[in-house]
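What follows is a walk through one protein chain, from its overall layout to a few individual residues. Keep the sequence and the coordinates at hand while reading.

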Amino acid sequence: MTDDQPHPPDTADAESVETVVTPERGRWVVELIVVFADGVVRHRIDTHATKARAEISAKLIKSAAERDLRGPLNG
């Protein structure tokens with residue numbers, strides 16, 4: 001990411017994460033929703049030309065964010 005773009009929220013202290021895919025002006029938007037104890041952060045990740053690509057992207061992003069929630073496998 002370049003410095004002029006906002007960074008996705010840090011999910012280390014999050015309670016849950018979710019991704020959503022929504023249509024917008026002929027494209028498909030992927031957003032990350034992170035739930036913390038004191039609020040919710042919604043971050044727009046990217047847009048895609050097809051719904052299928054957006055859903056693949058959303059699935060990969062959610063998997064990566066959930067790894068942050070669980071922490072390292074070896075404790």
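This is a predicted model: local features need pLDDT of at least 70, side-chain atom pairs count only at pLDDT 80 or more; totals for chains, interfaces and linings use all residues.

Two strands are said to pair if DSSP finds at least two bridges between them. By that criterion, S2 and strand S3, which covers residues 39-48, pair in the antiparallel sense over nine bridges.

The protein chain holds one helix and three strands. Along the sequence these elements follow the pattern β-β-β-α. The chain has 75 residues, of which 25% count as buried. Its accessible surface comes to about 5,500 Å², and 50% of that surface belongs to carbon and sulfur atoms. Among the contacts with a separation of 6 or more, 32% are between residues 24 or more positions apart.

Start with the sheet. Strands of a sheet pair through backbone hydrogen bonds, either parallel or antiparallel. Here the three strands form an open sheet in the order S1-S2-S3, with antiparallel pairing. S1 and S3 each have a single partner strand and stand at the edges, so one side of each is left without a neighbour in the sheet. On average, neighbouring strands are turned by 25 degrees against each other, direction ignored.

Each pairing can be followed in turn. Strand S1 spans residues 16-24 and pairs with S2 in the antiparallel sense over nine bridges. Within this pairing, Glu 18 stands opposite Ile 33 of S2. On the S3 side, Ile 33 stands opposite Arg 42. Another bridge to S3 links Val 35 with its partner Val 40.

The connections between the strands are hairpins. The hairpin of S1 and S2 has two residues between the strands, and Arg 25 takes a positive phi near 50 degrees there. S2 and S3 likewise form a hairpin with two residues between them. Ala 37 is found in the loop between S2 and S3. Is Ala 37 buried or exposed? With a relative accessibility of 72%, Ala 37 counts as exposed because the threshold for that class is over 50%. The C-alpha atom of Ala 37 is separated by 6.8 Å from that of Glu 15, although the two residues are 22 apart along the chain.

Strand S2 itself, residues 27-36, is mostly covered, with seven of its 10 residues buried. Val 35 belongs to this strand and is partly exposed, with a relative accessible area of 25%. Leaving aside neighbours within four places in sequence, Val 35 is in contact with Ala 14, Glu 15, Ser 16 and Val 40. One of these, Ser 16, is 19 residues away in sequence, with a C-alpha to C-alpha distance of 5.2 Å.

Which residues make up the largest nonpolar core? There are 10 of them: Ala 14, Val 17, Val 30, Leu 32, Val 34, Phe 36, Ala 54, Ala 58, Ile 61 and Ala 65. S2 and helix H1, residues 51-70, each supply at least two residues of this core. In soluble globular proteins, nonpolar side chains tend to be buried together. Ala 14, a member of the core, touches Val 34, Val 35, Phe 36 and Leu 69, not counting residues up to four places away in sequence.

Thr 19 counts as buried at 14% relative accessibility, since buried means under 20%. A polar atom of the Thr 19 side chain lies 3.4 Å from the backbone oxygen of Ala 58. Apart from residues up to four places away in sequence, Thr 19 touches Glu 31, Leu 32, Ala 58, Ile 61 and Lys 62.

The other is His 48, which lies in strand S3. His 48 is buried as well, with a relative accessible area of 16%. The side chains of His 48 and Ser 57 are joined by a polar contact of 3.5 Å. With residues up to four places away in sequence left out, His 48 touches Arg 27, Trp 28, Val 30, Arg 53, Ala 54 and Ser 57. Of these, Val 30 and Ala 54 are also listed in the largest nonpolar core.

Key
Residues are numbered from 1 along each chain as its sequence is written. Side-chain values use heavy atoms; hydrogens and water are left out. Buried means under 20% relative accessible area, exposed over 50%, partly exposed in between (1.4 Å probe, protein chains only). Helices (H or I, at least four residues) and strands (E, at least two) are DSSP runs, numbered from the N terminus. A nonpolar core is a set of buried Ala, Val, Leu, Ile, Met, Phe, Trp, Tyr and Cys residues joined through side-chain atoms within 4.5 Å. Contact means heavy atoms within 4.5 Å. Accessible areas come from the Shrake-Rupley method with a 1.4 Å probe; for residues, only the protein chains shown count as cover. Axes are lines fitted to C-alpha atoms, for helices over the stretch in contact, and angles run from 0 to 180 degrees between N-to-C directions. A polar contact is a pair of N or O atoms within 3.5 Å; within protein, one must be able to donate a hydrogen and the other to accept it, and residues adjacent in sequence count only if both atoms are side-chain atoms.
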